[in-house]
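Hello,

Here is the structure I promised to pass on. My notes follow below it.

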Amino acid sequence: MNVTLSINGRYHTLDIDPRTSLLDACRDHLALTGSKKGCDHGQCGACTMLVNGRRINSCLTLAVMHENDTITTVEGLGTAENLHPMQAAFVEHDGYQCGYCTPGQIVSAVGMLGEIGDGWPSHVTKDIKTGTELSGDEIRERMSGNLCRCSAYPNIVDAIETAAGKTKEPA
Amino acid sequence: MNKHVMDEAIGETRLDRNTQGVIGKGAPRYEGKLKVSGTAPYAYEHLGGEDVAYGFIVPASIARGKIRSVDTSAAEAVPGVLKVISGEKIVRAASQPMAPAAQTIDGEVFHYNQPVAVVIADTFEVARHASKLVKVEYSETEGRFDITNRHTVREPDSMPMTPNQSRGDFEHAFAEAEVQFDQTYTTPSYQAAAMEPHATTAKWDGNHLTVWTSHQLLETAPGQIAKHTGIDEDKITVHSPYIGGGFGSKLGLGPDAVMAANATIAIGKPVKIALTRQNVFQATSRRGETIQRVRIGATKAGKITCFAHETDTTNSPGNGFFEPSGISSLFLYPGKDRIIAHNIVETDVLMTSAVRAPGEATGMLATESALDELAETLGIDPVEFRRMNEPEVNPQDDRPFSSRRLMECIDEGAKRFGWSDRPEKPASRREGEWLIGYGMSSASRKNDLMPSAAEIEMSSDGRATVRTGMTDIGTGTYTILQQIAAEMLGLPLDMVDVELGDSRFAASSGSGGSWGANSAGSSVYVASLALIRELASRLDADAETLTLKDGHAIFGNKQIPLPDILKGETISVTGKIEPGKQAEETHQASYGAHFCEVGVNVVTGETRIRRLLTVGAAGRILNEKTATSQCYGGQIWGIGYALEEDLVIDKRNGLIVNHDLAEYHVPVHADVPALEVVLLEDRDPHASPLAGKGIGELAIAGVGAAITNAIYNACGVRIRDYPATLDKVLAGLPDDYLTAA
């Protein structure tokens, strides 16, 4: 069936099997392979995209459900020549090793900073009435849906803290 | 080809002179911008925009038996299905590292969810759907799933080490020992669980087969694919420029590569097969579960007199690889009378193979716990107990150590960590619901140098390109090869390019066994020296004293830009490193120490890591940033092995129960506090021309035991059956902890 998707500021019209996930629509049909498939079951976070500014596991949602949504993938944050501050911070802090979970970590981190900026509490937020402040514990809690088997976690947290200092608003 | 055989210890080199000043520095990764922007292409991601087909595997629904029939008619009737492949072209699992080929199924089922067939279709969705319509009938036979049953016990192959090595008369020495320590430890099976599931894109153009696959050890890949397809090896090219993690699981060729290669030949258009996460858990390989008996004889004063480490582990029929848990016990602790032994208990479960630090990762969970227990029995601090038992030569064969800085690592760690503040008695320090404890362990990882070759091409503008069939599995190979070439040739980093992961390039060591940086890096060193000789001859200068810096050759009182020497020409040289007498004359290993502080919750039994410090000595560090990242990885795997990871095999039917990332628990961000890694300034002139040693697997060695030793110190519960999940800890806690303030 036909679907038109708005991805990284461009419209793409696809004729796809309705069973196609948003992730596979990007990877198999649009050559947008920045978002990774690590489990296809929402267990690893490698496929994280922003849909209307919020984090989503793109393997757990069908492409045809997103006709009127604004979708951002890692390719939409910045390019190799013009990196988003979060991407640059990951390079600076060695916040990756094999690089496969990295796009998901980066997109998730950008979305996560947006959630903190909007005052969303988490399990480790000390007092939900007084708002949420960025801290190592908040980052670790909120990023725990993004697995990294190389285990770059300490450097990822450092990268996010650095990027948070440079960007107040999510992309 | 320019060859260096490591027969002599290396003297001062251009790396020591550090004229360009780039070696060892924490340079950002060469390929970093591609990775963070999502534009580094992994195996599945090639041929974007081309008309390709997709494959989906049909798994067996029994653990052992014969395949009576495979009915593909319903699947083939689905519009969009192009082919269903079954029979002799299907493989059981990945191949073993360096094996000539993977094992084919030959009409049998050897383990639960073994591949039986693969469906090829126009889209992934159709292939997945049709795979459910393939009807397979079996004649099921009884399987063996439990290591403790020891139905079939056999001696392992001599890969990755000679399995049984004894010295003297251990039984006699142990019987005579003043203090006898005898405990058994168990470790479960583990999955490497690299983030990128094994994947392949294969394209047959009627004459040549091109395969992009996620593979650590490219050298043997074309030959393996040739055996499985019948295509001549010289008509096969294999690419693996980016690999989404391997940890040993991609040392063997994945089943996806064999199936995609056969499928593209069968249908005449490119085929992509990415294993599902469930396939990765059930159709590649895993680390074998172990039962390890550790016996140590000692004097009352604390001197170890004899040492025995005997391991049962598992593998499937036809596989001789074994988890060599005793690999560090060969040399770490003294005793003239010793037994290091391994048995394979054959089981009908997915084959076992290499996972990060085969041997050390499981063996040191046992021995480093044993040292802690014995130290306590003797009333000696664990740090001092290790000092008292530091051997002067390798206790197995009296060879000298090339360099052994274990005690320096331990002492540096103890000082930085504040070990003197350790609670003296278990369960003596409490903060509210949390009991606090410290633990430590030694770390060691045997060092190997492997044959490896690289080409360096210098174009007329003075730019250098390094090409080798080597891979980068996240370890930092691109970056360290760039740094070595830049330092040797006196070039700024941005004047050096690195191309990896192409089977047409010079054959390399591949990424495994922590030998990659040292072996591939040494080949770049050798090629660089050859290039310097070529430049010097063009200048009529002495290569030894020719200084290269910032793209200029400096000698006498002259400074000449490289393009003026090259005069429009491109120079290409190849260098090769080979292991030599140094590997026989000296015993080589990297060393380290871990210090950990945990909190154990008295209500839930949950353990939280509060602090974790690793100090390592692994020869020259080529890039302090990527080396430190490797150590973080080892530490965090250690957290997983101590507290979480446990690949559960259903002993009734052989099913790997927790075959995905929801149920097989790897550490997540919230499990990992800020960590500390310290790398000692070190050189090992016997190990390689770089004077470096392996580091990728050092930091996982022993770290889990530092954690369980800290758990014991915190709450008095000794975990010998890994992992230390809260149910096991809680069962050992006395009830009065709950009521005590």
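In strand S14 of chain B, B:Ala274 is the bridge partner of B:Ala199. The model is predicted: local features need pLDDT of at least 70, side-chain atom pairs count only at pLDDT 80 or more, and totals for chains, interfaces and linings use all residues. Residues are numbered from 1 along each chain as its sequence is written, with chains lettered from A and ligands numbered from 1 in the order in which they are written.

S14(B) spans residues 271–274 and runs antiparallel to S11(B), with four bridges between them. Strands here are DSSP runs of E, at least two residues; helices are runs of H or I, at least four; both are numbered from the N terminus. Strands pair if DSSP finds at least two bridges between them.

S11(B) also joins S12(B), residues 209–213, through five bridges, again antiparallel. There, B:Thr200 has B:Thr213 as its bridge partner. The two strands form a hairpin with four residues between them, and B:Gly206 in the turn has a positive phi of about 95°.

Six of the six residues of S11(B) are buried (20 or more other C-beta atoms within 10 Å of the residue's own, C-beta atoms being placed from the backbone). One side carries B:Ala199, B:Thr201 and B:Lys203; the other carries B:Thr200, B:Ala202 and B:Trp204.

Best wishes

Key
Buried ≥ 20, exposed ≤ 12 C-beta atoms within 10 Å, placed from the backbone.
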